[in-house]
Amino acid sequence: MKKFFYSLMISFLIINGSCSSVFGNDINSKEILMSFEDNKISIEIPKNISIEFIDYNTVKLVDKLNNINEILPTQTVDMDGKILNLSYIKTKDGLDIYPSYNARWGWWDGVKCIAGVIGSVGTGALGGSAVGTITIPGVGTVSGTIIGSVSGGLVGIASFC
């Protein structure tokens with residue numbers, strides 16, 4: 001019984017010691033104020049930290065006292081695992097963060113969009129020319145091809161982009 005009690009006490013001390021070192025070290029949370037509104041998180045940042053925009057929506061925080069730099073993330077995930085984009089706007093007291101589900105396209109999404117539109121235009125042109133040829137040979141072929149191409153392109157944009 002004594003061994004169990006001593007091992008329990010040592011485990012408690014190890015866990016307590018590691019937790020206090022992680023949570024009590026560097027950050028003074030009393031200096032950072034956050035507020036939440038509808039679709040915005042406002043963060044008031046202490047005076048010793050400067051905000052720099054390196055690139056479009058890439059924010060770098062510089063701690064002048066400790067000489068520490070950190071780049072803020074541009075994406076995160078919500079509780080369901082869906083990707084959220086984070087947009088930053090500098091204010092007089094700090095940053096406003098706007099999370100959104102509108103992810104920026106990658107190159108593969110652009111390829112899929114272009115291929116889908118071209119395929120739909122081709123299918124619409126073939127269908128329109130076939131219907132136009134049967135209805136009014138000659139003139140109907142040209143007008144049916146044009147109408148089919150336009151409608152096929154619109155279907156392609158709606159489906160693949």
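Colleague: Where do I start, and what is the mean pLDDT of the protein?

Modeller: Start with confidence, because this is a predicted model. The mean pLDDT is 76. Of the residues, 78% reach 70 or more.

Colleague: Over which residues does pLDDT stay under 50?

Modeller: The general idea comes first. Where pLDDT is low, the predicted coordinates should not be read in detail. Here that concerns residues 1–29, where pLDDT stays under 50. For that stretch the model has zero contacts beyond four places in sequence.

Colleague: How many helices and strands does the protein have?

Modeller: There are three helices and eight strands. Along the sequence, the pattern reads α-β-β-β-β-β-β-β-β-α-α.

Colleague: How do I read a sheet, and in what order do the five strands stand?

Modeller: Strands of a sheet pair through backbone hydrogen bonds, either parallel or antiparallel. In this model, five strands make an open sheet ordered E1-E2-E8-E7-E6. Their pairing is antiparallel. Strand E1 (33–36) and strand E6 (75–77) are the edges, and each pairs on one side only. From one strand to the next, the twist averages 25°.

Colleague: How many bridges join E1 to E2?

Modeller: Four bridges link E1 to strand E2, residues 41–44. The two run antiparallel. For a landmark, find Met34, which stands opposite Ile43 in E2.

Colleague: What lies between E4 and E5?

Modeller: E4 and E5 form a hairpin, with four residues between them. Look at Asn67 in the turn: its phi is positive, about 55°.

Colleague: Now the helices. How do I check the span of H2?

Modeller: Take 1.5 Å a residue and compare that with the distance between the end C-alpha atoms. H2 covers residues 107–135. Its 29 residues should span 42 Å, and the end C-alpha atoms are 42 Å apart, which agrees.

Colleague: What does that check give for H3?

Modeller: Helix H3 covers residues 139–160, which is 22 residues. They should span 32 Å. The end C-alpha atoms are 31 Å apart, so this agrees too.

Colleague: Which residues of these helices are buried?

Modeller: First, the helix pattern. An α-helix has 3.6 residues a turn, so residues three or four places apart point the same way. In H3, the buried residues are Gly140, Gly144, Gly148, Ser149, Gly152, Gly153 and Gly156. In H2, the buried residues include Gly110, Cys113, Gly116, Val117, Ser120, Gly124, Gly128 and Gly132.

Colleague: What do the buried residues of H3 pack against?

Modeller: They pack against helix H2.

Colleague: Take Ser129 as a case. Is Ser129 buried or exposed?

Modeller: Ser129 lies in helix H2. Its relative accessible area is 17%, so Ser129 counts as buried, the cut-off being under 20%. Leaving aside neighbours within four places in sequence, Ser129 is in contact with Thr141, Gly144 and Thr145. A polar atom of the Ser129 side chain lies 3.0 Å from the backbone oxygen of Leu126.

Colleague: And which residues does Gly148 touch?

Modeller: Gly148 sits in helix H3. Gly148 is buried, with a relative accessible area of 7%. Not counting residues up to four places away in sequence, Gly148 touches Gly124, Ala125 and Gly128.

Colleague: How far apart are Gly148 and Ser129?

Modeller: In sequence they are 19 residues apart. In space, they are 7.4 Å apart, C-alpha to C-alpha.

Colleague: One last view, of the whole protein. What share of the residues is buried?

Modeller: Buried residues make up 25% of the 161 residues. Among contacts with a separation of 6 or more, 33% join residues 24 or more positions apart.

Conventions:
Residues are numbered from 1 along each chain as its sequence is written. This is a predicted model: local features need pLDDT of at least 70, side-chain atom pairs count only at pLDDT 80 or more; totals for chains, interfaces and linings use all residues. Side-chain values use heavy atoms; hydrogens and water are left out. Two strands pair if DSSP finds at least two bridges between them. Axes are lines fitted to C-alpha atoms, for helices over the stretch in contact, and angles run from 0 to 180 degrees between N-to-C directions. The expected span of a helix is 1.5 Å times one less than its number of residues. Buried means under 20% relative accessible area, exposed over 50%, partly exposed in between (1.4 Å probe, protein chains only). Contact means heavy atoms within 4.5 Å. A polar contact is a pair of N or O atoms within 3.5 Å; within protein, one must be able to donate a hydrogen and the other to accept it, and residues adjacent in sequence count only if both atoms are side-chain atoms. pLDDT is the predictor's confidence in each residue, from 0 to 100.
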